[in-house]
Amino acid sequence: MPEFEPITGRYMKVSIKGKEHRVFVEEAGQGIPLICLHTAGADSRQYRHLMNDKEVTDRFRVICFDMPWHGRSDPPTGWWLQAYELTTEDYLAAIEAVWRALGVERPVFMGCSMGGAIMLRVASEFQDEIRGVIGLESAAYAPGRYNEFLHHPAVHGGELVATYTWGLNAPQSPEAGKRDNWWYYAQSGPGVYRGDVMFYSFDFDAREHIRGIDTSKCKVSLLTGSYDYSCTPAMTEAVAKEIRGCRYTEMENIGHFPMIENYELFRTYLMPELDFMAAD
Amino acid sequence: MTNFPDEGWMEAFRETVGRDPELAVISKWFDVDMGLTFGERRYALRVRKGRIEEIIPSPRFDTRTQFQIRGPMDLWKRFLSETPPPLYHDIFAMIMRVPEFVLEGDTLVAMQNARALHRMMSLMRSVGKQHA
């Protein structure tokens, strides 16, 4: 018998802001829906260890999708006539469209990096309809990652982006996890990481919105790695202070990509938050 | 670490770079002239195909380099420590978050060679171990 992993991947047609998209969705497990968002310039392969973790998939239906333009999801028709630059509005619209199309009720959302940032807006926008959010490396405001070399004709974008983000891993993380993430980054489309960083560095500012999150309706857990210099522990702590009832833990010896750089260590921090989310 | 950053340490760095199997794979086009400043100690490096061909200590101003990386000694020591603290564990982390650590000159050339340059700089930590 072939050694298949328990992950199933499919393509889904979904309308986002009136435009048809072809989005890649993969999932594993049964139970409480847990919808996961990848980092900037990457794709849902970053969650492969989570989707292979039986202790998680025994009680969660883990659903991960590639954002449009990322991984195995296509950009919309006519993409060649626009520069890809993600906005907060577009990001929220894509997440909501995929979630509604899946037809799942009261999901938990989890996202990392820019996905962790948008979790704060997912919580503020949809708090009446979701169980909670787990923000990995979440900042309410995070300028500073942008530079023009990220998409430049004289630079190999894939190699630069992958190398530029390498240092966001903790030095203690296993070589294999860091190298996997490097490879995923190197495979992003031209200018996609730049377009994501534009959202992260310029458009996104949730400092006001987080004050409106009611954790009695929507639980909030925040986890940030001690070696993350893009979203530092201090930046997440500042968010946690603004959300009453929010849980926050700094993850020792982890960087900006906990689910892929060092899953074995990350899961020791994640499991208590999944328990928290599952409890009624 | 006692010899960092004297000329003997730089020679050991050159050897470490020269026998790195990963650089051998990725550095076919890694040809740069670059400056390295450790506190008050300055060097110019001529890198060809990923090998450090020449190390010029205390270069005169007519020794031209394309880009330079400089920082005070205490930052380099943190970077080279066995378990570097957050923000000091990677050159891109320091360039972004530590104002006294500077990449300057033709930064485009540095970024064109980011993968090999980053690998070479990270190998400095291996030299530190040999001299610890």
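Within helix 7 of chain A, the residues Val192(A), Tyr193(A), Arg194(A), Gly195(A), Asp196(A), Val197(A), Met198(A), Phe199(A), Tyr200(A) and Ser201(A) are buried (under 20% relative accessible area, with exposed meaning over 50% and partly exposed in between, for a 1.4 Å probe and protein chains only). The model is predicted: local features need pLDDT of at least 70 and side-chain atom pairs count only at pLDDT 80 or more, while totals for chains, interfaces and linings use all residues. Residues are numbered from 1 along each chain as its sequence is written, chains are lettered from A and ligands numbered from 1 in the order in which they are written, and side-chain values use heavy atoms, leaving out hydrogens and water.

Because ten of its twelve residues are buried, helix 7 of chain A is largely enclosed by the rest of the structure. The cover over these buried residues includes helix 3 (88-102), helix 4 (114-126), helix 5 (157-166) and helix 6 (175-186) of chain A. Helices (H or I, at least four residues) and strands (E, at least two) are DSSP runs, numbered from the N terminus.

Most residues other than glycine have a negative phi, and most peptide bonds are trans. Arg106(A), although not a glycine, has a positive phi of about 45°; this residue lies in the loop between helix 3 and strand 5 (108-112) of chain A. Arg106(A) counts as partly exposed because its relative accessibility is 42%.

In chain B, Leu87(B) has a positive phi of about 80° and is likewise not a glycine. Leu87(B) belongs to the loop between helix 3 (73-80) and helix 4 (91-97) of chain B, and is partly exposed at a relative accessible area of 25%. The peptide bond from Phe4(B) to Pro5(B) is cis, with omega near 0°, and Pro5(B) sits in the segment before helix 1 (7-18) of chain B.

Methods. Contact means heavy atoms within 4.5 Å.
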